[in-house]
Amino acid sequence: MDTLNNILEYIGLFFVLLGSIFLFLGALGIYRMPDLYNRLQAGTKASTLGAMSMVLGIGLMQPGWLIKLIVIILFIGISNPLSSHALARASYKSGIRPFFKKKVDDYEEEVESEKGKMESV
Amino acid sequence: MKKYIIFILIAILGLTLAQTFKAIPFGADRRGDLENPDKVAAYYLKESPETLQTANSITAIVVNFRGFDTLGEVTVLFLAATGLASILYRKEEEDEEEVERVRLPSSSLVRTGAKILFPLMLLLGIYVFVHGHLTPGGGFQGGAIIATGFLLMLITYKHFETNHKVMVWLESLAGLAFVAVGLYGLFAYGSFLQNTHSVGTLNDLISGGLIPLIYIFIGIKVGTELTNILDILLKIKKS
């Protein structure tokens, strides 16, 4: 029993370390990326994975909390990508365009057609 | 010229703050002796687990030692909500055509996600204010979390309506219940908001006497009140 707890604690420490590395990379990405969409992507992907693995690591170190922490992980997994999706969509619709010129921009056409629909209604 | 005035003002402000902080001895023990408390901080820290059986000392201070102050805070929030409602109130009949809440529809991803997250957020809010005397947080925080859940639904769905009558009734009843608990203390033990003497055991869900009951009422009141404020503020006139 004691050795099992020790092993779980080491695995938990590994997950916490992994999570803190990803959180650091996310912060670095927010500082370093050129425009809103890149920053959102860096912030969301890295910080979602970082926070999830950090919480999982704490759950492995304290098995009594594991069920609550799994619920928190699910909550982060739903809410974090969703909020950045809403932010990115809102900023695209309010006219912020990506920093690098793209050759293909399917979403622009869709937004334009939606605008037409809104005005006709 | 403006720059210099701002600079002088900031300097005066900084000097005043520095004077204030100079009066506080750095690193001194301001808590006092825990065993024989002679200062108020040590008294609170000693009394809240021992006589009140409340694990969260801050809750014990907010709801029990300074319960009357908290009643005043709740009243301030109530007055703010009433003031907003009286300024921004519109008659129901003209609501239909002129008022709309969201200009653009949300994406289907956000709509689906909000449906999943809304009950979870309500659950978290209720958890926070029910466990106010055991864990960090309490009525005000739990109420704010509940209002956040409602805000998510209000900005996601165009036709999501909170039942205004139920909200107002819940809010008023929760406020009345708070005062009723206070009056119970007055009649049973001789002073307003006096806690009961049977307080249960430390770290139980039912412990701390009347503290969890009061915090549940505060949670309901703050949640419904903030939801009403958001509902009123989000209704914009169609241009």
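Student: How many helices and strands are there in chain B?
Tutor: This is a predicted model. From the N terminus on, the elements of chain B run α-α-α-α-α-β-α-α-α-α-β. The count for chain B is nine helices and two strands.

Student: What is the radius of gyration of chain B, and what does the globule rule give?
Tutor: The C-alpha atoms of chain B fill a box of roughly 65 × 60 × 35 Å along the principal axes. For 239 residues the globule rule gives 18 Å, and the value for chain B is well over that, so the chain is more spread out than a compact globule. The radius of gyration of chain B is 23 Å.

Student: Among contacts in chain B between residues at least 6 apart in sequence, what share joins residues at least 24 apart?
Tutor: Of the 239 residues of chain B, 28% count as buried. For the contacts in chain B between residues at least 6 apart, the share that joins residues at least 24 apart is 69%.

Student: Which residues of helix 4 of chain B are buried, and how do they fall as seen down the axis?
Tutor: The buried residues of helix 4 of chain B are B:Gly67, B:Thr70, B:Val74, B:Leu77 and B:Ala81. Seen down the axis of helix 4, they line one face of the helix, because they fall within an arc of 80°.

Student: Which residues are exposed on the other side of helix 4 of chain B?
Tutor: The buried residues of helix 4 pack against helix 3 (57–65), helix 8 (164–189) and helix 9 (211–234) of chain B. On the other side of helix 4, the exposed residues are B:Phe68, B:Asp69, B:Gly72, B:Val76, B:Leu79, B:Thr82, B:Gly83, B:Ser86 and B:Ile87.

Student: How many residues of helix 9 of chain B are buried?
Tutor: Helix 9 of chain B reaches 34 Å from its first C-alpha to its last, close to the 34 Å expected at 1.5 Å a residue. The helix is mostly covered. The number of buried residues in helix 9, out of 24, is 18.

Student: Which element gives the largest share of the largest nonpolar core?
Tutor: The largest nonpolar core has 34 residues, and those with the most contacts inside it are B:Val63, B:Phe178, B:Ile214, B:Tyr215, B:Phe217 and B:Ile218. Two or more residues each come from helix 3, helix 4, helix 6 (108–130), helix 7 (139–156), helix 8 and helix 9 of chain B. The largest share is nine residues, and the element that gives it is helix 9 of chain B.

Student: Leaving aside neighbours within four places in sequence, which residues are in contact with B:Val63?
Tutor: B:Val63 is one of the residues with the most contacts inside the largest nonpolar core. Beyond its neighbours within four places in sequence, the residues in contact with B:Val63 are B:Thr70, B:Ile211, B:Ile214 and B:Tyr215.

Student: How many residues are in the other core, the one with A:Phe15 and A:Phe22?
Tutor: This core lies apart from the largest one. Its residues include A:Phe15, A:Phe22, A:Leu49 and A:Met52, and its size is 10 residues.

Student: Is B:Leu193 buried or exposed, and which of the two is B:Asn203?
Tutor: Both places are in the loop between helix 8 and helix 9 of chain B, for B:Leu193 and for B:Asn203. Phi is positive in each residue, near 65° in B:Leu193 and near 70° in B:Asn203, whereas most residues other than glycine have a negative phi. With 23 C-beta neighbours inside 10 Å, B:Leu193 counts as buried. With 12 such neighbours, B:Asn203 counts as exposed.

Student: What is the radius of gyration of chain A?
Tutor: Chain A has four helices and zero strands, and its C-alpha atoms fill a box of roughly 70 × 35 × 20 Å along the principal axes. Buried residues make up 16% of the 121 residues in chain A. A compact globule of 121 residues would have a radius of gyration near 14 Å, but the value for chain A is 20 Å.

Student: By class, which residues make up the side of chain B that touches chain A?
Tutor: The contact takes eight residues from chain B and eight residues from chain A. By class, the side of chain B has six nonpolar, two polar and no charged residues.

Conventions. Residues are numbered from 1 along each chain as its sequence is written. Chains are lettered from A and ligands numbered from 1 in the order in which they are written. This is a predicted model: local features need pLDDT of at least 70, side-chain atom pairs count only at pLDDT 80 or more; totals for chains, interfaces and linings use all residues. A residue is buried if 20 or more other C-beta atoms lie within 10 Å of its own, exposed if 12 or fewer, and partly exposed in between; C-beta atoms are placed from the backbone. The arc is that of the directions from the helix axis to the C-beta atoms. Two residues are in contact if their C-beta atoms, placed from the backbone, lie within 7 Å. The radius of gyration is taken over C-alpha atoms; the globule rule is 2.2 Å times the number of residues to the power 0.38. Ala, Val, Leu, Ile, Met, Phe, Trp, Tyr, Cys and Pro count as nonpolar, Asp, Glu, Lys and Arg as charged, and the others, Gly among them, as polar. A nonpolar core is a set of buried Ala, Val, Leu, Ile, Met, Phe, Trp, Tyr and Cys residues joined through C-beta atoms within 7 Å. The expected span of a helix is 1.5 Å times one less than its number of residues.
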